[in-house]
Amino acid sequence: MNPRKTPSPPRGRDADEEVSALIETLHQTEQRLEQLTSGEVDTVADSHGRTFLLRRAQDQLRHSEAAKQAAILNALPAYIALLDTQGRIISVNEAWQRFGSGNVLHGPGYEVGLNYLEICDSAQGDDASELHQVAEGIRSVLAGGVKSFSIEYPCHSPTELLWFLLTVMPLADDRSLGAVVMHLNITERKRAEETLLRFGAAMDAIVDAIYLVDRSSMRFVHINDAACRLLNQTREKLLALEPWVALATSRAELERAYDTVIASGVAAEPLEMLRHRDDGSQVWVELRRHAQRSGDRWTIVTLVRDITERKRAEQALTRLVAIIEATPDMVATGDPNGHALYYNAAGLRMLGFEPGLDPSTVRILDTHPDWAAKLVAETGIPYAIEHGTWSGETALLRRDGREIPISQVIIAHKGPDGSVEYLSTIARDITERKRAEAELRLQSAALNAAADAIVITDRNGMIEWVNPAFTALTGYRAEEAIGKNQGELIKSGVHDQVFYQNLWDTILAGHTWQGEMTNRRKDRSVYIVDQTITSVKGARDETDHFIGIGRDLTERKTLEAQVRQASKMDAVGKLASGVAHDFNNLLTVILGFADLMAADVAMASEHETDLGEIIKAARRAEALTRQLLAFSRQQVLQTAPVDVNGLITGMTGMLGRLIGENIEVSLALAPNLSLALADRGQLEQVVMNLVVNARDAMPDGGSVTIETADVELENSSFHAETVMHGRYVMLAITDTGSGMTKETQRRLFEPFFTTKEAGKGTGLGLSTTYGIIKQSKGYIWVYSEPGRGTTFKVYLPCSNRELPLPAVNSVVTAPVKRPSETVLLTEDEAGVRQLAKRILENAGYRVLEAANGDEGERLFAQHSGSIDLLVTDVIMPGCGGPELLSRLHVQSPTLRVLYMSGYTEQSAATQTGIDRGIPFVQKPFTAAEFVRQVRKALDR
Amino acid sequence: MSRRALFKFRLYVAGDALNSAQAVANLTALCLAHLPDRHEIEVVDVFLEPKRALSDGILMTPTLVKLAPPPARRIVGTLSQTQTVLQALGLEAVAT
């Protein structure tokens, strides 16, 4: 008891004496109570319920409490010291006492009585900073600032690293009682923690997701980072979840799976499964579980590997294989030694192999025909090895021997060291394409070979393609035409807008337009085509192209004109020959009687001059008639080998006189010129006509060149004429005159066409020339331009015969014998009949005359047997000469005949059907000629 | 005295004080030896329930009160004199 806390402090000696007396009483009271109770009582109480603990019992209780505390403290493994409020060590437990060298708190007396704060404050070395913290902590606790303070600190011993946990707590709630300092060795815990930390770090470093589940509690024991990522949750959240929830299964399911693993005792086969993540994505995982035993507890370790990539790769591979097996192209691989490794289904099919074939039994080169095997072995594979791939067109050889054309790619697959590991190929059957290509090639060739101009345009008329015939026709090369608008390129301006509108309306409606069209060439000349334009429909059934086919009508038009011209010439010829025929009859009479009169000496002397003029005029008329006949090609030509050079040389004198002094004639004659086959007289006429023509073209003088040469002409068509191949003698006559327009050239050889002023030309000169040349199977062409002169070129066929020797002019005059024969003369033309009668009678023949066939037949019947010769006109009204002869032959088959005609023998033969070789005399004839022919006929 | 009679005791003690602790130990041992399965002991700590001791007229601890069977008896002390205690409780005859 603290006396200062009594409410009324005693004062003075009396008080002290009273206190002393009371203590004595207390002592004696207690002694007496002990005696009375034999010391077996702890407390006594008065009637008011005040209980008094006896002093001995108090001592016993205090000792007992202290002993208990000491026992507890000593039983603890920690190092415990009690501090007073100043930090002095009041007591330490046995562990503290045992702890020695490892702790700073060592020394005799176990530091009891020392100030722990001072020890900590004065610490130096590695642990100083921690001990300073400890001191601060203790001060805080002693000051009541904190309820407790603890710190973990390492404690180095020479042999091992130890860890301690220091805890400071107030000795009681009342801080004035001091504090308890406790050091606990936590080295083991620290080690365990570190082990666990390392284990966790190791687990987190593993890419596979790993989680450990304790089978008994069915709780997660550990989850690594990968597992968190896989399950898309934080570790804290997962550890709080029940495993079956986190793994999206049921507890029963999971327990069954774990028990199976425990029961099997070996690592189970990995399971593959598709897992859906929270974010909706899917992952393929492979699950491996094994059971770990620790005591009687099982821990299930589950490894989950994300095999999504592998699965994708597997699926991609599966798809690739499916594609390769399904493709209609052959896909194959082979080793570098030339043996097959693999054929896809199409490959087996193309080669005719069975589906189950072992590819290693096939040599790659055996699957190609020889030529293709050579190409693949010598070019394809070496090229692929060098450059990676090779592609080309080769062929496969089926087992049945059939060859399949293919388009092939060869790929060399190399290893990291650059050596070829294997080869692969992809091959496509191009049979159809080859066929189509061949067809296209032929079609293209056909288009290119077509004589018609073919143009392909797009929908708007833009040219996309033209064939060579188009180029030939228009003069535009393909590259000039392509890309241009067809209409703008060749439009001639001949047709109006309506024409083109109609054309476009037709083809845009999908119909074919056909019609004549005049277009313009590159050189601005126009041409006419028979044009067909057809629309071509594309894939969507819409017109996307037009095909224009143009047939050149220019040549046809020209031919038509030529035919018209030829018909005209023919008609003129017929007219001319008819006129000439009648003319010849008249001339025959005129000349015949003039001759008779001239023969009459008495008459002649009186009218000699007059008669001579009549005969000269008649002769000129005869020449004119011959020209007409020559033009109509009905004149008899006496063709023979002719030396053209000689002929021209012989004519030079005459020609010089003909053309006058202001024109120079020069000759350019080829030496050793071949002989031409022609009528010499007619050829002279031709030369003369052409030279006269040249003269007339040069009224102011100039020069004429006559040129000859041997030439060879090919089969061709020139100037719309068909030229026969062969050797020809060319005769060219060139002047330096006024030249001719195209129009003049075109009409040049028309009869009666002349550019000369009236009276100066007959218009028959060149047409006669033309007739003579044509009849001689030659050609005459003209080259001329206005103001630049003219060249006529005459081509005459070469003779293969030698020049005949000049005939010996030996006129054998037969002894004059008075004939006694009777002649039946049938002639419808009275003048000719009278002339012939007079000539024959003068010559001594008896003449019976008839004006027509019927009369002739009657006369023959009357004088049956006495008539020796029938002299008859070929063409007569009613019964003609040949018919008359056939009637008379009925009565007298041996009757001889002499035909007369104004037509040529040839022409007459054609018209009446008389036999060639029958004696024939052409009108007009001279008396002597007529008598000679009659004699010849009779002497047959 | 029926052998089957239930003995009810009430022991007044003063906390963990030595005599009181000895009394609890001695009573427990005596009951286990002589009154197995037929005793009840109630311990009353006068420090905790001072008013009860007052109302029961208890002046000292430890004090044992035999509540049943009658007659009620009081014994003060550590109960270490077993024979004396047995006699006091009327159990001597049974013991011999």
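The exercises below concern chain A of a predicted model.

**Exercise 1.** State how many helices and strands chain A has, and what share of its residues is buried.

Solution. Start with the secondary structure: chain A holds 29 helices and 36 strands. Then take burial, where the cut-off is under 20% relative accessible area. By that criterion, 40% of the 940 residues in chain A are buried. The accessible surface of the chain is about 52500 Å², and carbon and sulfur atoms contribute 54% of that area.

**Exercise 2.** Find what share of the contacts in chain A with a separation of 6 or more joins residues 24 or more positions apart.

Solution. Take the contacts with a separation of 6 or more; residues 24 or more positions apart make up 52% of these in chain A.

**Exercise 3.** Give the strand order of the five-stranded open sheet in chain A, and explain which strands stand at its edges.

Solution. The order is E14-E13-E17-E16-E15, with antiparallel pairing. Strand E14 (340-343) and strand E15 (389-397) each have a single partner strand, so one side of each lacks a neighbour in the sheet, and these two stand at the edges. On average, neighbouring strands of this sheet are turned by 25° against each other, direction ignored.

**Exercise 4.** Describe how E16 and E17 of chain A are joined, and which helix packs on the sheet.

Solution. First, the pair: E16 (residues 403-414) and E17 (residues 420-429) run antiparallel and are joined by nine bridges. Within this pairing, A:Gln408 stands opposite A:Ala427 of E17. Next, the helix: H14 (residues 431-449) packs on the sheet and touches E15, E16 and E17. The direction of H14 makes about 120° with that of E16.

Technical notes:
Residues numbered from 1 in each chain as written. Chains lettered and ligands numbered in written order. Predicted model: local features only at pLDDT ≥ 70, side-chain atom pairs only at ≥ 80, totals over all residues. Heavy atoms only, no water. Helix = DSSP H or I, 4+ residues; strand = E, 2+ residues; numbered from the N terminus. Buried < 20%, exposed > 50% of the residue type's maximum accessible area, 1.4 Å probe, protein only. Contact = heavy atoms within 4.5 Å. Areas by Shrake-Rupley, 256 points an atom, 1.4 Å probe, with all protein chains shown as cover. Pairing = 2+ DSSP bridges. Axes fitted to C-alpha atoms, helices over the stretch in contact; angles between N-to-C directions.
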